[in-house]
Amino acid sequence: RRTSSQPRSLRQPSRRTPSSSSSTIIMPSPLPSEFPLRLLGNSATLLVTPVCLGTMTFGVQNSYPEAAAQLDYAVKTRGINFIDTAEMYPVPMSDPRWVAGTTEEYIGRWLADNKELRPHLVIATKIVGYTGAPKSSPAGPAAAKGILARRDDPPVESSASCRLDRASIIKACNASLRRLRTDYIDLYQLHWPDRWVPGFGVSAYEPSKERADDVPIDETLLALKELLDAGKIRAYGLSNETTFGVCQAVLAADRLGMPRPVSIQNSFSLVHRAFETELAEACAPSHFNIGLLPWSVLAGGVLTGKYRHGAAPGGARFAEFPSGFQERFHGERVVAAVEEYAEVAEEAGVSLTKLAVAFCASRWFVDGHGSCIVGATSVEQLAECIDGYKVKLSEEVLKKIDAVHLKCRDPTQGK
């Protein structure tokens, strides 16, 4: 589809182009597995299962024994080799139990108890992007204070903002390595950009929110190249990014003579399908070949159906945190859409949870070169989420889903 007259920066790299500093391919897990492995995006080395374990509840909603039980089940029972976390996890950050990095520490503790599994796992974590004034970034000054303090051992308080400059990236990565108790991170992701972008329920770009002091993308990528060259990370990815940001990163990587990002972790679900437009085009295998790792495929649990008809089961996320956390997932338009999707699921003979997971897993930008992130607060919930991947939706069901989407398009998104 691309002619040789086009510049290198606009073409997919040849298969000889390395996408990480390591040439060692992670071999299939020795544990029983239901899932074939696939290369993540344009990576030549990262072989992942089509399902990825999300862990952001580890440390607030889940204790260490509960987290370890989920890890045991996902990895040892189901053969999931892909685990995603972040330096800021657990969430919500407003909870008095929140301590940045606790989730990484839980995973590190489990890895230390299961050393023989480390070579067969793909561990992904994330560094936060810009944190500034409230509502100008996904995390404000209070969160930044907690995140920055935990980059030192023992913690050191700071009043600075989190940024994606070289010094911050190197320090954050070293802290994640320490907490995860590993010598390398397989996939190191930029949790959100340093520049302002709409996201987390906001969909409209506003030039008035641009900042003159954005960290240049070249500085951010050169820091990642330094980590790649040192063997501290094997590949890097983007998250909560836009089409402009993806193109900016790819062009910069080519200009700097370094690997391109292999993945993008963006919101995608039955109630938020914005990714499938021009961003999917940029990330397509025939273009930049950047695999999608969709997060919140169950819209914070709303797409399990457990909040239908005003229910608030004990221990559920929005029962425990009824206001101020992911409120976009329980607005009136979302409630109406969930009822329609529940009807589709019932007619298809599957649970709403399985319908939601199966839909995301079936998308061409996930199936083949991405992986579907699923998270839970219990092993039982996790089992149903993983089982959802095995459900194959008929064309008739997919048409019904599209009909609901056209009627209730992206109800989680505001202005």
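Let's start at His 309, which counts as exposed at 71% relative accessibility. Here exposed means over 50% relative accessible area, buried means under 20%, and partly exposed lies in between, with a 1.4 Å probe and protein chains only. His 309 sits in the loop between β9 and α8 (317-320); helices (H or I, at least four residues) and strands (E, at least two) are DSSP runs, numbered from the N terminus. From His 309 to Val 335, 26 residues apart in sequence, the C-alpha to C-alpha separation is 8.7 Å.

A word on what you are looking at: this is a predicted model, in which local features need pLDDT of at least 70, side-chain atom pairs count only at pLDDT 80 or more, and totals for chains, interfaces and linings use all residues. Residues are numbered from 1 along each chain as its sequence is written, and side-chain values use heavy atoms, with hydrogens and water left out.

Now step back to the whole chain. The protein chain holds twelve helices and ten strands, and of its 415 residues, 57% are buried. Among contacts (heavy atoms within 4.5 Å) between residues at least 6 apart in sequence, 76% join residues at least 24 apart. The protein chain exposes about 17000 Å², with carbon and sulfur atoms supplying 54% of that area; accessible areas come from the Shrake-Rupley method with a 1.4 Å probe, and for residues, only the protein chains shown count as cover.

How many disulfides does a search of the whole structure find? The search finds zero, where a disulfide would be a pair of cysteine sulfur atoms within 2.5 Å. Cys 162 counts as buried because its relative accessibility is 0%, and Cys 408 counts as buried at 11%.

Next, follow the loop between β4 (82-84) and α2 (102-113), where Pro 96 has its place. Two other prolines in this loop are Pro 90 and Pro 92. Most residues other than glycine have a negative phi, and most peptide bonds are trans. Against that background, a cis peptide bond joins Tyr 89 and Pro 90, with omega about 15°. The bond from Val 91 to Pro 92 is cis as well, with omega near 0°. As for Pro 96, is it buried or exposed? Pro 96 is exposed, because its relative accessible area is 82%. Its C-alpha atom is separated by 8.9 Å from that of Val 60, 36 residues away along the chain.

Backbone phi gives us two further stops. Asn 289 is not a glycine, yet it has a positive phi of about 50°. Its place is in the loop between α7 (278-283) and β9 (291-292), and Asn 289 is buried, with a relative accessible area of 10%. Asp 410, again not a glycine, has a positive phi of about 40°. You will find Asp 410 in the segment after α12, and at a relative accessible area of 14% this aspartate is buried.

Let's move to helix α6 (residues 243-256), which contains Ala 253. At 0% relative accessibility, Ala 253 counts as buried. Which residues does Ala 253 touch, leaving aside its neighbours within four places in sequence? Its contacts are Leu 221, Tyr 236, Met 258, Pro 259 and Arg 260.

Gly 199 counts as partly exposed, at 26% relative accessibility. Gly 199 and Asn 266 are 67 residues apart in sequence, and 9.4 Å apart in space, C-alpha to C-alpha.

Our last stop is a helix pair. Helix α10 (residues 352-362) and helix α12 (residues 395-407) pack at an angle of about 100°, with their axes 12 Å apart. Axes are lines fitted to C-alpha atoms, for helices over the stretch in contact, and angles run from 0 to 180 degrees between N-to-C directions. α10 and α12 are therefore roughly perpendicular to each other; angles of 65 to 115 degrees count as roughly perpendicular, under 35 as roughly parallel, over 145 as roughly antiparallel and the rest as oblique. On the α10 side, the contact is made by Leu 355, Phe 359 and Ser 362, and on the α12 side by Val 397, Leu 398 and Ile 401. These residues divide into five nonpolar, one polar and no charged, with Ala, Val, Leu, Ile, Met, Phe, Trp, Tyr, Cys and Pro counted as nonpolar, Asp, Glu, Lys and Arg as charged, and the others, Gly among them, as polar.
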